[in-house]
Amino acid sequence: MKIDNSLPLEYSTEENNLKILGFWIFLGAEIMLFATLFTMYFTLENRIGNGPSGAEIFEITPVLVETILLLTSSFVIGLGIHAMRLGNKKAMMIFFSITLLLGAGFLGFEIYEFVHYIHVGATLQTSAFTAALLTTLGTHGLHVTFGLFWGIAILIQIKKRGLTPETTNKSFIFSLYWHFLDVIWIFIFSFIYLKGMM
Amino acid sequence: MKELFPVKQVMGFVFSLILTAVALMVYFTDMSFSIGMTILLVTAFIQAGLQLVVFMHAGETNDKNSIYLNVYYGLIIALITIFGTLLILVWDM
């Protein structure tokens, strides 16, 4: 395999470049997936039937904490990739671990939020609004959950094999996924929560 | 230690925190729906762009054009899906 040493390790082979481009194309499909969920939410957000409305059930504190946690984790994984490019395996593993811890914290708050919703009578079956809300939030939450396992698997590989063209490529692609989840959260935060509480 | 915190990314992080704070204004202050939505649209899209360029290194390699083309395509389909549906089902035009 031809290795180009002038580029960061994750781009150093043709195959690596193609994998990164391929993942961007996957993210393009993910944009459309979340677009359909947002479409459903915006169409149904006023169809609350006998259930509660968004303004009645949204709480600013957990939402704000989730936003800060995810925003910070996205920044920290960026630092992780930077450390990886410097060849600093230890710093990279620390940054990736912090990222996953922040992600786990985010998930904890989201689970708390779901329990709260069900507690106040906003379940998947209550109204078109709650069904659309929980499906959209749940799809994002499932992505984060999947990301946690993926991240742990990558950390184990980095620990075992060190920084090679393969492991750095996987780590970089994982960082793309993680940043993407933050991008989606920004839209959920703005157009579901803040819009609903405005 | 300092080399582990590149200025560009730290600035990007600070800027995204500021944008989040600006977006929060729609909750903490009294403003009309249309002004609030305008603020949210501006802050959300700037923040998404920031993530894409600063943190995801979208413009770094020779695949730059394909990557941006792909993102724009996804975005266009997303906006057509969302606003097309709203136009027909919600705004009733």
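**Figure 1. The two domains of chain B.** The C-alpha centres of domain 1 and domain 2 of chain B lie 21 Å apart. Domain 1 covers residues 1–56 and domain 2 covers residues 61–93; the bounds come from an automatic or database domain assignment. This is a predicted model, in which local features need pLDDT of at least 70, side-chain atom pairs count only at pLDDT 80 or more, and totals for chains, interfaces and linings use all residues. Residues are numbered from 1 along each chain as its sequence is written, and chains are lettered from A and ligands numbered from 1 in the order in which they are written.

**Figure 2. Chain A as a helical chain.** Chain A contains six helices and zero strands, in the order α-α-α-α-α-α along the sequence. Helices (H or I, at least four residues) and strands (E, at least two) are DSSP runs, numbered from the N terminus. The C-alpha trace of chain A spans about 65 × 30 × 25 Å along its principal axes. Of its 198 residues, 40% count as buried. A residue is buried if 20 or more other C-beta atoms lie within 10 Å of its own, exposed if 12 or fewer, and partly exposed in between, with C-beta atoms placed from the backbone. Among contacts in chain A between residues at least 6 apart in sequence, 77% join residues at least 24 apart. Two residues are in contact if their C-beta atoms, placed from the backbone, lie within 7 Å.

Figure 3. An unreviewed UniProt entry lists "transmembrane region" for residues 21–43, 63–81, 93–112, 132–156 and 176–194 of chain A. For chain B, an unreviewed UniProt entry lists residues 12–29, 35–55 and 67–91 under that feature name. UniProt positions are given in the numbering used here, feature names are shortened, and annotations may be inferred rather than shown by experiment. In the model, residues 21–43 of chain A are 100% helix and 0% strand, with end C-alpha atoms 33 Å apart. Residues 132–156 of chain A are also 100% helix and 0% strand, and their end C-alpha atoms lie 37 Å apart. In chain B, residues 35–55 are 100% helix and 0% strand, with 29 Å between the end C-alpha atoms. Residues 67–91 of chain B are 96% helix and 0% strand, with end C-alpha atoms 34 Å apart.

**Figure 4. The largest nonpolar core.** A nonpolar core is a set of buried Ala, Val, Leu, Ile, Met, Phe, Trp, Tyr and Cys residues joined through C-beta atoms within 7 Å. The largest one has 62 residues, of which A:Phe95, A:Ile184, A:Trp185, A:Ile186, A:Ile188, A:Phe189 and A:Tyr193 touch the most other members. Two or more residues each come from α1 (14–44), α3 (60–85), α4 (89–119), α5 (128–161) and α6 (165–197) of chain A, and from α1 (7–28), α2 (33–55) and α3 (64–90) of chain B. The largest share, 17 residues, comes from α6(A). Domain 1 (1–56) and domain 2 (61–93) of chain B both give residues to this core, so the core lies between them. Not counting residues up to four places away in sequence, A:Ile188 touches A:Thr136, A:Leu137, A:His140 and A:Tyr193.

**Figure 5. The contact between chain B and chain A.** Here 39 residues of chain B are in contact with 37 residues of chain A. On the chain B side, α1, α2 and α3 each supply at least two of the touching residues. The largest share, 15 residues, comes from α3(B). The touching residues of chain B divide into 24 nonpolar, 13 polar and two charged. Ala, Val, Leu, Ile, Met, Phe, Trp, Tyr, Cys and Pro count as nonpolar, Asp, Glu, Lys and Arg as charged, and the others, Gly among them, as polar.

Figure 6. B:Val71 is buried, because 20 other C-beta atoms lie within 10 Å. Leaving aside neighbours within four places in sequence, B:Val71 is in contact with A:Gly28 and B:Leu52. B:Ala78 is likewise buried, with 20 other C-beta atoms within 10 Å. Not counting residues up to four places away in sequence, B:Ala78 touches A:Ile31, A:Met32 and A:Ala35.

**Figure 7. Helix α2 of chain B.** The 23 residues of α2(B) should span 33 Å at 1.5 Å a residue, which agrees with the 32 Å between its end C-alpha atoms; the expected span is 1.5 Å times one less than the number of residues. Its buried residues include B:Leu40, B:Gln47, B:Leu52 and B:Phe55. The buried residues of α2(B) pack against α3 and α6 of chain A together with α1 and α3 of chain B. The helix is followed by B:His57, whose phi is positive, near 50 degrees.
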